[in-house]
Amino acid sequence: MDRTDEQLLETIADLHGIPEGSFNIRKNGKLLARNSDSDIEIVSKKDKDGIDIIVEPNVKNKSVHIPVLLTVGDFKDTVYNDFYIGENADVTIIAGCGIHNDACSDAEHDGIHTFYLSKNAKVRYVEKHYASRNGTGKKVFDPITKIYLKENAQFILEATQLGGVTYTDRKTYATVGKRAQLTVKEKILTDNEERAITDFKIKLSGEGSRADVVSRSVARGRSMQKFQSDLIGKNECFGHVECDGIVLDNARIISTPKIDAVSPEASLIHEAAVGKIAGEQLLKLMSLGLSEQEAEDAIIRGFLN
Amino acid sequence: MLELKNITYSVKDEQNGKRQTILQDVNLTFGDKAITVITGPNGSGKSTLIKLLMGFEKPTSGKIYFNGEDITDCSVTERARKGFTMAFQQPVRFKGITVKRLLEMACGKKLDMDGMCDCLSSVGLCARNYIDRAVDGTLSGGELKRIELATAIAKGGEVFLLDEPEAGIDLWSFEDLVKIFERLHDKTVIIVSHQQRILETADKIILFDNDKLVSAGRKEDMFKILSQRPSLCWRNVKENG
């Protein structure tokens, strides 16, 4: 592992060197390091590129790190990771991918992740995407996340993309079972000519199921973001989708909500607000002594906090 | 010493294109170490005056001097750094910015728990319950107003501009509010208010009506004028006049 690898790991997974517990570090399509234990087992797939992560029932307060590093151009890395979470388990999964592309050809990572949560299982899934260097080669992420929640399961998805990614097309599909709960906190910052598309399709199938999706995005320069959500209530359930966007310079944000109460017992809400920073917010912080630029930065930092 | 000389402020009426005068040839002096309360009916230009002092708006004509320096063209940031501090009538909400972060931006440094307790307890809030909360719609109007005042205290300064500080604060907490003014007794404090209990804290009262400064003077003298013209000053003064 070189200095670049260490810096990427720190950015995407808050890691300082090799983590404790179970982990799988992948670099340029190959396994760099792995540790697997009896509570959280990591097994390579035989039929395709990827791993199975198996969390035993009743495993509590454990974490697993599965970061991916991409440090070369002209490389497309597609990986299939499946997560099987046992009953009553409660774990944190830190994923994330860092691309460091100096080349003039493209680097792309597509993580196809599928989560199967058993009854009463709880997962906090933290995913950071980051790209660096000014090579003309594109830095692309096209992740697909599929989530299946059994009775009373809870899944918290914290997805963050705060810079340097040329293009991303994120797809998240979830099926939420009886009294199960899905929480999504998504933060995206784009600049220059970057493009980010994020697409949610959530089926609230079980009685008493809940979903809460909050997406905060900031678009600068000439970047463009597209937010799409499709929330389907098939039972007595509660669903809430909130998309807030700050637009700066000549950027653009498009928000397309769809809520579908298939069951008359479904309660679904969509909120969306897109616009520039409110003038009164800038004035308030300037009246505390901040310059206009400092005020703008503080508002954006807070918004994406 | 803060002085307004021949301040006029007018805006273009969007509908008929004519200029509408909000303030007409206002001359005022605010002394150091004094509380001045500006009062008068809605729409008489009180809040506009505060905005002109903080630099949110520029006067159409006239000059503003602070300690002899012409600050008419100074920006909001420059005025804030010279010691002007404002508490907004309607506190601004910020998604994601916590009470702690706002207080730290106000005082320009990291704050420990003691520092935050000092600011928040003076407005009747317990720091532990609030520092990690976002300054957004999850807080009530009264809580936001208290945090607005705490932010002004955290920033400090020489000139405090408080636009209707009592709005949204329950009557039971008025004593706390008065204590805040007492804490600022060595500063130049300018308050826009309609409440008699706040008028009573003033060294000087200024009465506005119809875009103009009607009269200004010592509290005792002004109370006589206000009680003689109840149409200008509303319920509490009227009831007790």
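Modeller: Let us begin with two domains. The centres of domain 1 of chain B and domain 2 of chain B, taken over C-alpha atoms, are separated by 23 Å. Domain bounds come from an automatic or database domain assignment; domain 1 of chain B covers 30-58 + 67-83 + 157-241, and domain 2 covers 95-156. This is a predicted model, in which local features need pLDDT of at least 70 and side-chain atom pairs count only at pLDDT 80 or more, while totals for chains, interfaces and linings use all residues. Residues are numbered from 1 along each chain as its sequence is written, and chains are lettered from A and ligands numbered from 1 in the order in which they are written.

Biologist: How many residues of domain 1 of chain B are in contact with domain 2 of chain B?

Modeller: Two residues are in contact if their C-beta atoms, placed from the backbone, lie within 7 Å. By that rule, 11 residues of domain 1 of chain B meet 11 residues of domain 2 of chain B. On the domain 1 side, helix α7 (residues 174-183) of chain B gives the most, with 3 residues. Helices (H or I, at least four residues) and strands (E, at least two) are DSSP runs, numbered from the N terminus. The residues on that side of domain 1 of chain B divide into 5 nonpolar, 3 polar and 3 charged. Here Ala, Val, Leu, Ile, Met, Phe, Trp, Tyr, Cys and Pro count as nonpolar, Asp, Glu, Lys and Arg as charged, and the others, Gly among them, as polar.

Biologist: How should I read the contact between the two chains, and which element of chain A gives the most to it?

Modeller: The size of an interface is often given as the accessible area lost when the parts come together. Here I count residues instead: the contact takes 18 from chain A and 18 from chain B. On the side of chain A, α2 (279-286) and α3 (292-303) are the elements that give two or more residues, and α2(A) gives the most, with 6 residues. That side of chain A divides into 9 nonpolar, 6 polar and 3 charged residues.

Biologist: What is meant by a nonpolar core, and how many residues has the largest one?

Modeller: A residue is buried if 20 or more other C-beta atoms lie within 10 Å of its own, exposed if 12 or fewer, and partly exposed in between, with C-beta atoms placed from the backbone. A nonpolar core is a set of buried Ala, Val, Leu, Ile, Met, Phe, Trp, Tyr and Cys residues joined through C-beta atoms within 7 Å. The largest has 83 residues, and those with the most contacts inside it include A:L285, B:L120 and B:I191. Helix α6 (residues 141-155) of chain B gives the most to this core, with 7 residues. Both domain 1 and domain 2 of chain B supply at least three residues each. A second, separate core of 60 residues includes A:F83, A:L157, A:V165 and A:F227.

Biologist: In which order do the strands of the open sheet in chain B stand?

Modeller: Strands of a sheet pair through backbone hydrogen bonds, either parallel or antiparallel. Two strands pair if DSSP finds at least two bridges between them. The open sheet of 4 strands has the order β2-β1-β4-β5 (chain B), with antiparallel pairing. At its edges stand β2 (19-30) and β5 (69-70) of chain B, each with a single partner strand, so one side of each is left without a neighbour in the sheet. Strand β4 (residues 61-66) of chain B is joined to β5(B) over 2 bridges, and B:Y65 has B:D70 as its bridge partner in β5(B).

Biologist: Is strand β3 of chain B enclosed or open, and which strands pair with it in the parallel sense?

Modeller: Strand β3 (residues 34-39) of chain B has 5 of its 6 residues buried, so it is largely enclosed by the rest of the structure. It runs parallel to strand β8 (residues 188-192) of chain B, with 5 bridges between them, and B:A34 stands opposite B:T188. β3(B) also pairs in the parallel sense with strand β9 (residues 204-209) of chain B over 4 bridges.

Biologist: Which residues of helix α9 of chain B are buried, and which are exposed?

Modeller: In helix α9 (residues 219-228) of chain B, the buried residues are B:M222, B:F223 and B:L226. Seen down the axis of α9(B), these fall within an arc of 105° (of the directions from the helix axis to the C-beta atoms), so they line one face of the helix. The face turned away from the buried side of α9(B) carries the exposed residues B:E220, B:K224 and B:Q228.
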